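Please read the following report alongside the sequence and the three-dimensional model. It is meant as a guided look at selected parts of both chains.

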Amino acid sequence: MSVIQTSDLTKIYDNRYIALNALNLNVEKGSIFGLVGPNGAGKSTTFRLLLGLQKPTAGSISLFNEPMTLERADIRRRLGYLPTNPNFPKHMTPITYLEFVGGILGLDSRRAKIQLVRLLDSVDLTATASQPIKGFSTGMNTRLGLAAALMGDPELIILDEPTSGLDPAGRKQTIELIRELAGSNRTVIIATHILADVERACSDVGILSHGRMIYSGPMAEMRRLARQGNIHLEIEGNIGSFEQQIHTLDIPGAVKYEKVGSEFKITLLGTEPLSEYMHRILGLIDKTGVDLHFIRSGEDEIEEAFLRRLDDDKTRGALRAASWLNTQDTENSELDVQIKVDPPNASLSDNT
Amino acid sequence: MQAFLTILKYDFGQLSQSWVSRIWIIVMIIPAIFLIFLANYENEFASETMAFYTATVLMPASGLAIAVLSASSINVESGIIADSILSRAITRTEYVCAKILSRMGFILVTYSIVIIPFSYFMLRYGVNDTADSSVFLGWIVIGSIFTAVAAFGILMSVLFANLLPAVLLVLLTVSLSSALMQFLGLELLSISAVIQELPEIFRGETLTSTGIQIIGIFLILTSIFLFPAVFIFGKKDL
């Protein structure tokens with residue numbers, strides 16, 4: 001069952017800036033979906049549209065199989081949201097702020113108090129629970145935001161950069177908390193550019209670039225794609241001979257490599273399975289008589305896959321533009337024919 | 001409904017702790033006490049003294065305070081509206097209506113807290129040339145003017161992201177429109193003309209129907225300003 005479904009979701013600001021370009025997003029119940037992309041890719045805009053804080057320019061959003069609009073407070077009651085660097089009323093303390101959030105969510109005062117005590121403990125803010133928020137660090141604000149997002153015991157949790165400003169221990173704790181949350185049949189969607197967090201926490205991943213989803217699928221599939229064709233090794237001995245013969249590992253043009261000292265990072269662009277390439281490399285090592293220090297596949301795999309997707313998208317962007325121009329040319333020539341054949345229709349299209 | 005009441009309580013709490021409110025109350029109270037003593041020693045007419053107080057203290061001080069309190073109702077919270085409030089289980093209509101009620105409620109409660117004891121002591125220690133009902137009518141007229149100014153301030157707060165242009169526009173509009181309406185002979189629409197008429201209203205020399213007409217005009221203006229505020233905020237991207 002889909003918890004989030006968007007269809008051709010588009011957001012254009014002031015007819016000038018395209019923040020989202022026909023985004024089709026599908027998040028299944030119980031999954032932890034990581035939305036990754038460079039700054040300005042449209043992650044926060046996607047969240048603001050999902051929450052009904054902004055109107056889409058075109059397309060539709062459905063949450064829990066119901067259309068989401070600006071006035072759907074009933075759907076928002078089922079959501080928890082953590083914004084990037086959240087803003088809070090600075091004069092409040094975590095206790096008064098969470099009570100306030102509880103009030104907005106319609107929780108009765110007793111239940112809100114039980115819930116806030118539990119949440120402040122789980123985000124490690126019990127010691128500072130009665131201090132004004134204005135003195136809080138970025139990490140403390142993020143943790144308080146996380147507690148606020150969970151006040152209503154939501155079915156869907158939307159987290160925008162949940163580990164931003166956190167120290168390594170805080171990051172680890174937050175990732176563990178996210179995993180626990182999803183374990184209790186909740187759905188979590190996280191926007192981040194920290195790929196290690198996505199790898200550790202998410203079951204599914206979507207890559208956004210310039211407002212478009214350029215990849216969406218299970219994390220395992222992303223890992224598989226990432227591992228394909230990337231081999232990292234260090235050798236000693238007749239390195240020159242090994243380097244000269246690297247291109248024989250596959251057909252011409254299908255082997256790229258980077259060399260730093262005695263380390264090689266080989267990217268194989270062919271279609272053979274990784275095991276076959278590994279076998280060929282070991283054969284080459286044997287043939288050139290170099291000593292192998294280490295060999296491994298898939299280092300920084302998610303980062304590699306992410307960057308590769310972005311590169312592919314840039315290339316495809318040029319192709320798409322060319323194909324769109326072709327389509328326009330074809331349509332224009334069809335229109336010319338129509339004008340010649342059917343003048344009344346032509347005048348109608350001129351008017352419209 | 002609980003979300004509406006939570007915002008109402010939160011905003012009312014904010015207003016009661018704000019420095020603008022505290023200064024406003026002090027600025028209204030000190031001259032009022034001075035005028036009560038003066039009316040007692042100099043045997044001043046209550047109607048004239050109350051009208052003088054309104055023209056020289058109440059209107060300028062309250063005009064500024066109401067402009068600031070109302071024009072800051074939405075825009076000063078722009079940072080937290082999306083993050084902490086409207087991303088949760090509350091509709092925009094509930095939010096903006098709670099804001100309107102709390103700002104107008106606070107302004108009218110503060111005004112009443114100062115005006116009711118001031119009128120009582122003025123009628124007791126000054127020369128009482130008024131009727132209770134006409135004093136009541138006079139203060140309701142002023143209250144309706146405050147309501148209209150507050151409604152205009154709330155509209156500006158929805159339209160402008162920054163506080164300063166919103167406040168300046170409220171003050172400028174109130175002053176210019178007042179002079180313009182008086183110049184055009186539309187005296188019931190002119191705040192300065194209504195204030196000039198205040199001693200007569202307090203003495204009961206002005207027809208009650210005229211007083212009610214003035215109240216009606218300013219309440220209609222209030223609705224004219226509030227409907228677009230609610231509508232525009234309901235459609236705005238946050």
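**The contact between the chains**

In this predicted model, 21 residues of chain A are in contact with 20 residues of chain B. On the side of chain A that touches chain B, α2 (73-76) and α3 (94-105) of chain A each supply at least two residues, and α3(A) gives the most, with five residues. Sorted by class, that side of chain A has 13 nonpolar, four polar and four charged residues.

**An open antiparallel sheet in chain A**

Chain A contains an open sheet of four strands, which follow one another in the order β13-β14-β12-β15 and pair in antiparallel fashion. Its edge strands, each pairing on one side only, are β13 (255-260) and β15 (291-297) of chain A. Direction ignored, neighbouring strands of this sheet are turned by 20° against each other on average. Strand β12 (residues 230-236) of chain A is joined to β15(A) by six bridges, the two strands running antiparallel, and Glu236(A) stands opposite Asp291(A) in β15(A). Helix α10 (residues 274-288) of chain A lies across β12, β14 (263-268) and β15 of chain A, and runs at about 15° to β12(A).

Four bridges link β7(A) to strand β8 (residues 156-160) of chain A, and here the strands run parallel; Leu79(A) has Leu156(A) in β8(A) as its bridge partner.

Is Asn185(A) buried or exposed? This residue is found in the loop between α6 (168-183) and β9 (187-192) of chain A, and Asn185(A) counts as exposed because it has 9 C-beta neighbours inside 10 Å. Asn185(A) and Glu155(A), although 30 residues apart in sequence, are 7.8 Å apart in space, taken from C-alpha to C-alpha.

Two packed helices are described by the angle between their axes and the distance between the axes.

| Helix pair | Angle | Distance between axes |
|---|---|---|
| α3(B) (residues 46-71) and α6(B) (residues 132-159) | about 30° | 8 Å |
| α7(B) (residues 163-183) and α8(B) (residues 191-203) | about 70° | 6 Å |

With an angle of about 30°, α3(B) is therefore roughly parallel to α6(B), and the crossing of these two helices is right-handed. The contact involves residues of α3(B) including Thr54(B), Ser62(B), Gly63(B) and Ile66(B), and residues of α6(B) including Ile142(B), Phe146(B), Val149(B) and Gly153(B). By class, the contact of α3(B) with α6(B) has nine nonpolar and six polar residues, with no charged residues.

For the other pair, the angle of about 70° makes α7(B) roughly perpendicular to α8(B). Here Val174(B), Ser178(B), Ala179(B) and Gln182(B) in α7(B) meet Ile191(B), Ser192(B) and Ala193(B) in α8(B). The contact of α7(B) with α8(B) has four nonpolar and three polar residues, and no charged residues.

Note on methods
Residues are numbered from 1 along each chain as its sequence is written. Chains are lettered from A and ligands numbered from 1 in the order in which they are written. This is a predicted model: local features need pLDDT of at least 70, side-chain atom pairs count only at pLDDT 80 or more; totals for chains, interfaces and linings use all residues. Axes are lines fitted to C-alpha atoms, for helices over the stretch in contact, and angles run from 0 to 180 degrees between N-to-C directions. Angles under 35 degrees count as roughly parallel, over 145 as roughly antiparallel, 65 to 115 as roughly perpendicular and the rest as oblique. A crossing is left-handed if the near helix is turned anticlockwise from the far one by less than a right angle, and right-handed if clockwise. Two residues are in contact if their C-beta atoms, placed from the backbone, lie within 7 Å. Ala, Val, Leu, Ile, Met, Phe, Trp, Tyr, Cys and Pro count as nonpolar, Asp, Glu, Lys and Arg as charged, and the others, Gly among them, as polar. Two strands pair if DSSP finds at least two bridges between them. A residue is buried if 20 or more other C-beta atoms lie within 10 Å of its own, exposed if 12 or fewer, and partly exposed in between; C-beta atoms are placed from the backbone.
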